Amino acid sequence: MFQVVIRKMLKNKWMILCLLLGLILTVALVSCIPVYTDGVLQRMLIKDMEAYHESSGVFPGKYFVGANFTYDDAADIQKKYEAIDKKVTKTLIPSVYLPVLTQTQHLSTIPLPIINSGEKNKQPTAQLEAFSDFQNHTKITHGKAFTSGMDGDTYEAVVSEEAFKTLNLILDRTYLISDTLIYKENDNPKLKVKVVGIFAPKDLNDPYWFINMDSLKNSVIINFDLLKNNFVKNGMNVINKAEWYYAFDYHIMRLDKNSLLTHTFNSHIEWINKNSRLLKIDLPIISISKQYSQRESQLKTTLLVLQVPVLLMLALYTFMISKLKIDYESNEIAVLKSRGASMKQVFRGYLIESCMLAFIALLLGPPLGLILCKVIGASNGFLEFVNRGSLPAYLNIKTYLYALGTVAFFMITMLVPSFLASRISIVIYKHEKSRINKKVFWKKFFLDVILVAVSIYGIYGYYKHQKVLFLSGAKGTDISIDPLLFIVSFTFILGFGLFFLRLYPYFVKFLFWLGKNKWSPVFYSTFIQVGRTAGQQQFLMIFLILTLSIGIFSANTARTINKNVEEKILYATGADIVVKEHWESNKLYLNKPSMLAGNASKIGGNKELIYYEPSFETYKKLTGVKAATKVFRQDDAGASINNQWLNDVSVMGIIPYEFGKVAWFRDDLLKAHWYNYLNLISDTPNAVLMSRSVKDKYNIKEGDTIYIKWGTHNYFEAVVYAFIDYWPTYNPNIKNKSGTTSYFIVANLDYIHARYSVEPYEVWLKKKNNATSNQIYNDLAGKNINIEERKDSTEQIINMKNDPIFQGTNGALTLDFLVTLIVCIIGFLIYWIMSIQKRILQFGIFRAMGLTLKKVLGMLLCEQILITGSSVLFGIILGNFVSKIFIPMLQLVYSSEEQLPPFKVIFDQSDYIRLYIFVGIMISIGFIVLGAIISKIKINQALKLGED
């Protein structure tokens, strides 16, 4: 049986190769999902650790256990110390799988008096302390290091520079330590400490230094073994505390072992809590893991939502190619049955074949998926890759479970039809083949109508949710979302795709009817072939519609996410770079009246706050700066208009021409181009622009006079020329202090300066095309410009792109797009190769009747246009339509206050160009392959006795 299967596979080697290639790719893509998800989560976990380290200064892999012996007797101290030391070093630490970067044990006494020159009064106190492995992490700046033994009855010690000054010590001098807990009051002190050196850490960033150096300013450090043996084990009850510190390498943390690690640490915490009177523990990893778990859930949900359509499409793909193969071999199965082969023998042959294909796919698919994940892990945006470190991806049990599930589905889709076909005899097969096709399942039960109805319900639920979101101002994740919203885009595509197939036969009949008396034999044969076998083409057509629609939807989703996030940053910042320089003022004199009298002539003889404006021209000459402008901001202004007083008014003063060259603003946010609004306040200096919120609440109209003031200034008069909904940095959705919509006024800065003295303003900078932010910052530093605040939109965009969730979203969408294109061309070729091989007899008859190869190829081209062309066209139209309807659902992850500028669906021309090129290549390759197959048909082999 095995040899028979091998011979059959070799006979149809090209078809088997295409099927195997498609299966390997499907397994690779499916197994890529857990690999990529885990890889992104792994990167996110490590980045969260690194962010914690950078923000807090605490090493994330810190493991600290501290014991306090202040109120214990000497005998108890020794007993408890040994028990805790054994538990920590022999049980707790070995239970953690992470490698230890460094470790130390710290012992400290209570503060003890240092007797200097025999004087016992007013002496400083210090703790005797010791650290294991101390000398390997320190350097001696003065003197020498202490030895491992005692110098007679004297302990050698080192101190920090801070302790040397605080305790007023002298190098190479011996000090006496006295305490009534050690010695009786009338005894002479016998504990001697000689300060032999001053130390400093070799590297302050070394995780060994779990304590701050400032905490050692009252400490004298001696050898660890001496302190432990002579104080702890000898029963001196001056030991105050013992601390065990380990620094685990958190970069080795594995996502699949995170739960195990958390469980281990929690068990450690439980043990510590049972002895809470004595012990304490510090594990930053636990708190970070809790925060990470929330981000992990968010990322998994995001990736799942983005990958569900592709998973369903791949399921359809495996079902399609398996069904096509069985349909292609149905005649052969029927012949074998007629020649005495049993149903079990036929089924066993397909079982062996499917197992062989599944084994090869399991062997090659997951490693290919791993390679694909590492490549996509370097994505910096949609179809954009940078030289970033590869994704920490690896194969695990979950990967092979996904792969096993894929091949199992493939085997089921292949074996179930083969099992049904093995029960049919040659007579029944020929009888069924000659009958008119029955209605397929989805047409009979109106599955397309049901899916369309579900999609419409999903759209309704989306708009209902959007209304609640806008009215409440809450985040989308704060309100329960109908689960159908996450899969509604796929059901929409599938439903309308099936609905198109329901109408397609009528479309073909209509075209045939238009020219039934004029069609040439080539066109006539094409319409007959397509019309009679429309049911057989439906797998290919729905597959093309799904892949192209999902591909376009993925591309538009990625572009929309990237562009809207970038625009959100640019809008909030206002320009490429915004800086605020330190301004000198007379504030010091105003706060000291006694100084004011003697310096009145220097400051103008009044008590008004005066600022001294730095040179603005310097900014225009900075390296890499294309343009610069002044922008004055005052958020605590008030205004009077039509006898109505407005509190909490934000005023922005600009120089219109310069502002238009520097600021970023989307052109579609206002009724007219925003340059027209700049021209209004440029032509009329006292003109102002007001937020529409003021007009809606106070019924103000263009031409009304407004009086504006802030601080101790007098009012200045202006005229309202226009109302605006949006403006660079202005958020109309934020409420002011009184709980109402914020009020915003844009005025001419020169007009403000003509009435008020100059106050500190921001400088907005626009970079040259190839300039970097570092060039500008280096030039600012070189010119000794003291910058108090800065905002850099490029820097924020880079940070956003480095965010694991953003990377995961872009990587998943890039993967979705590439998957759909690759699977599309493989499915296309498999279908047409099988279809042509099944019709070899038909083409042989056409050639025998006198049709040239050119005309036969013309028939195929017409079929391609009717089947492939119509599917591709409808898939592109449907993909665009779905994008316009469903991509706005991405707003659900933001609150209404965060959606600035308003969400906009982005259609990138380059993506469509790539898609059109791909479709053209796909059809061309398919046509070339099919033409090559037909050209090799031998008529004498195709026309067989007994065939129709």
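**Notes on rings, a covered strand and charged pairs**

1. Let's start with Phe-210, which is buried because its relative accessible area is 16%. Here buried means under 20% relative accessible area, exposed means over 50%, and partly exposed is in between, using a 1.4 Å probe and protein chains only. A word on ground rules: this is a predicted model, where local features need pLDDT of at least 70, side-chain atom pairs count only at pLDDT 80 or more, and totals for chains, interfaces and linings use all residues. Residues are numbered from 1 along each chain as its sequence is written, and side-chain values use heavy atoms, with hydrogens and water left out.

2. On to the rings: there are 41 aromatic pairs in the structure. Tyr-63 and Phe-248 make an edge-to-face pair, because their ring centres are 5.8 Å apart and their planes stand at 85 degrees. Tyr-63 belongs to strand 1 (residues 62-68) and Phe-248 to strand 10 (residues 239-248), so this pair ties together parts 185 residues apart in sequence. Tyr-63 and Phe-248 are both buried. For the cut-offs, rings of Phe, Tyr and Trp (its six-membered ring) pair if their centres lie within 6.5 Å; planes under 30 degrees apart are stacked, over 60 edge-to-face, and the rest tilted. Helices (H or I, at least four residues) and strands (E, at least two) are DSSP runs numbered from the N terminus.

3. Now back to Phe-210. Its ring and that of Tyr-245 have centres 4.6 Å apart and planes at 20 degrees, so this pair is stacked. Phe-210 sits in the loop between strand 8 (191-201) and strand 9 (219-221), while Tyr-245 is in strand 10, so the pair links distant parts of the chain, 35 residues apart. Tyr-245 is buried too, with a relative accessible area of 1%.

4. Elsewhere, Tyr-571, Phe-659, Phe-665, Trp-674, Tyr-675, Trp-727 and Trp-764 gather into one aromatic cluster. Some rings also have a charge over them (NZ of Lys or CZ of Arg within 6 Å of the ring centre and within 35 degrees of the ring normal). Arg-790 lies over the face of Tyr-777, 4.0 Å from the ring centre, and the charged end of Lys-709 sits over the ring of Tyr-715, 5.7 Å from its centre.

5. How many residues of strand 6 (residues 154-160) are buried? The count is 7 of its 7 residues. In a regular strand, side chains alternate between the two faces of the sheet. Here Thr-154, Glu-156, Val-158 and Ser-160 are buried on one side, and Tyr-155, Ala-157 and Val-159 on the other. Strand 6 runs parallel to strand 8, joined by 7 bridges; two strands pair if DSSP finds at least two bridges between them. Val-158 stands opposite Gly-197 of strand 8.

6. Last, the charged pairs: the whole structure has 17 salt bridges, each a side-chain nitrogen of Lys or Arg within 4 Å of a carboxyl oxygen of Asp or Glu. In one of them, Asp-668 meets Lys-904, with the closest N and O atoms 3.7 Å apart. Asp-668 is in the loop between helix 20 (656-662) and helix 21 (674-683), and Lys-904 in the loop between helix 28 (853-886) and helix 29 (909-935), so parts 236 residues apart in sequence are tied together. Asp-668 is partly exposed at 42% relative accessibility. Another salt bridge joins Lys-783 and Asp-779 (2.7 Å, N to O). Salt bridges with shared partners also join Glu-567, Arg-666, Asp-668 and Lys-904 into one network.
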